[in-house]
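Subject: Structure handover

Hi,

My notes on what turned up in it follow below.

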Amino acid sequence: MVLHGTSSVNAAGHLEIGGVDTVELAKQFGTPLYVYDVALIQQRAQQFLQVFAEEGLQAQVAYASKAFSSIAIIQLVDQLGLSLDVVSGGELYTAIQAGFPPERIHFHGNNKSPAEMEYAIQAGVGCFVADNFYEIAWLKRLSEQYKQSINLLLRITPGVEAHTHEYISTGQEDSKFGFDLVSGQATAAIEQVLQSSNLQLLGVHSHIGSQIFDPAGFIQAIQKIYLHLEQWEGQFGRRFPVLNVGGGFGIRYVEGDRPIPVEQHVHAIIITIREETTKRGWPMPEIWIEPGRSLVGDAGTTLYTIGSMKHVPGMHRYVAVDGGMTDNIRPALYHAQYEGVLANRMRDRAEQAFAIAGKCCETGDMLIWDLPLPQPEHGDLLAVFCTGAYGYAMASNYNRLPRPAIVFVENSEAQLVVERESYADLIRHDRPYSSSKKNPIHQP
Ligand code: LLP
């Protein structure tokens, strides 16, 4: 078991994160509870920024806020000097409410509604990542209506398959995202954008997938993109100042995962772009990347209280916790694997494997199938690691479970940044039913 970031075991034998005892956190804020190690997020951001700084390159590291969006995380990301990727009106609204500078926001999404695009223009977002012809037509119309020039990148699908779960692989041609290169749609899109004097084409964007361990996919995608950039230069007489290669840098969830350090991914990207530009005698573009998981994933830990237990003789020993697929859908959706510990008994030796069950009425609501633990007792605190990305972001109220609270910990202090939902929150938007007078059932 490898502890992440500032996590350690204190004198009481409890798991501590950011210098704060997790047992105290559970007492103070209740469970389930998402705990974020702020120092680890800072460290990850620095790792990305430093490579570009050392290479003396113009770059933007845009945090993909779909991984975890809340006012506090966006404020932290702003302080760290990152840019921000949003994919919906809701993520944009959160960023604006957090006071994030709109000019450093990039607006993504494969089906931005006209209302979302209008909102983004009014908010002054720095760049749209245009995904389809419908969006280009709308952006043209809105730029004329608002008499405003709009920066955009075109999202292209480079035809590269990242070796990852098929649901989170996005670079292949047969995908709902972006313009594909082979059929000529990307070329047609460039032509359309260049026809409008209000649309400023900064360059292209590609995102090949998520939880990627091998830089080969990035290298291949960049090489393909440059072949087309060269073709477009010949055809349109234009070179573009920006190249956005997306996010997807993998993290270590469990012992068997072997991600390469993020610096190595970034170096591979830089080296490939340098080769491709040098070959053509072009200047280096401004490089944009969009890490989500690799900035916040291993900084997040979920604390649960253990409740019921059940041993099926000769089969699994089930241990149920007070959350589950509602706060972490990833095991059910992607067969994602996690590690965990009894946070209040860190010195006790693991005796055997236990199957960690959620509390939802679904057989598939299992968080971990074979977690080695000391014999758990009712009331023990289970910490599940690496839940910082796509945990809270994908949380639901299934079975009408209130969503957990979130605390940030750093320098031995805890800060509540998202309150736990109450039962009242669950019915906040509900309205009573009154039977229709026209309903024959109610007529005498
Ligand atoms: N940029 C674009 C255009 C993306 O679509 C994504 C993720 C990212 C950046 C950030 O990728 P990251 O660095 O976080 O891997 N819910 C799935 C992941 C879906 C990723 C969707 N796009 C999961 O829980 O694994």
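Trp138 sits in helix α6, residues 133-145. Helices here are DSSP runs of H or I with at least four residues, strands are runs of E with at least two, and both are numbered from the N terminus. With a relative accessible area of 21%, Trp138 is partly exposed. The classes are: buried under 20% relative accessible area, exposed over 50%, partly exposed in between, with a 1.4 Å probe and protein chains only. Trp138 is in contact with Pro114 and Met117, leaving aside neighbours within four places in sequence. Contact means heavy atoms within 4.5 Å. Met117 is 21 residues from Trp138 along the chain, and their C-alpha atoms are separated by 8.1 Å.

Before the rest, the ground rules. This is a predicted model, where local features need pLDDT of at least 70 and side-chain atom pairs count only at pLDDT 80 or more, while totals for chains, interfaces and linings use all residues. Residues are numbered from 1 along each chain as its sequence is written, and side-chain values use heavy atoms, with hydrogens and water left out.

Domains

The protein splits into domain 1 (8-31 + 300-387 + 391-423) and domain 2 (38-296). The bounds come from an automatic or database domain assignment. Taken over C-alpha atoms, the domain centres are 33 Å apart. Domain 1 gives 16 residues to the contact, and domain 2 gives 19 residues.

Ligand site

Which domains supply the shell around the ligand? Domain 1 and domain 2 each contribute at least three residues. In total, 19 residues surround the ligand, and the closest are Ser210, Glu290, Arg330, Tyr334 and Tyr390. By type, the shell divides into six nonpolar, seven polar and six charged residues. Nonpolar covers Ala, Val, Leu, Ile, Met, Phe, Trp, Tyr, Cys and Pro; charged covers Asp, Glu, Lys and Arg; the others, Gly among them, are polar.

Now the polar contacts, where a pair of N or O atoms lies within 3.5 Å; within protein, one must be able to donate a hydrogen and the other to accept it, and residues adjacent in sequence count only if both atoms are side-chain atoms.

- Glu290: a side-chain N or O atom is 2.7 Å from a nitrogen atom of the ligand.
- His207: a side-chain N or O atom is 3.4 Å from a nitrogen atom of the ligand.
- Arg293: a polar backbone atom is 2.7 Å from an oxygen atom of the ligand.

Taken alone, the ligand exposes 580 Å², and the protein buries 92% of that. Accessible areas come from the Shrake-Rupley method with a 1.4 Å probe; for residues, only the protein chains shown count as cover.

Helix α4 and its surroundings

Helix α4 spans residues 89-97 and holds Glu91. Its buried residues are Gly89, Glu91, Leu92, Thr94 and Ala95. They pack against α3, β6 (83-86), β7 (105-107) and α5 (114-123). Glu91 counts as buried because its relative accessibility is 13%. Beyond four places in sequence, Glu91 touches Ser65, Lys66, Ser69, Asp85 and Val86. Thr94 is buried too, at a relative accessible area of 17%. Its contacts, again past four places in sequence, are Ser69, Ser70, Ile71 and Ile74. Gly99 follows α4, with a positive phi near 85°.

Ser65 lies in the loop between β5 (59-64) and α3 (71-79). Ser65 counts as buried because its relative accessibility is 1%. Leaving aside neighbours within four places in sequence, Ser65 is in contact with Leu84, Asp85, Val86 and Glu91.

Backbone points to check

Most residues other than glycine have a negative phi, and most peptide bonds are trans.

- Thr31 to Pro32: the peptide bond is cis, with omega near -10°. Pro32 lies in the loop between α1 (22-29) and β4 (33-37).
- Cys386: phi is positive, near 60°. Cys386 is in the loop between β19 (381-385) and β20 (405-410), and counts as buried at 1% relative accessibility.
- Asn411: phi is positive, near 50°. Asn411 is in the loop between β20 and β21 (413-418), and is exposed, with a relative accessible area of 67%.

Best wishes

How values were computed: A residue is near a molecule or strand if one of its heavy atoms lies within 4 Å of it.
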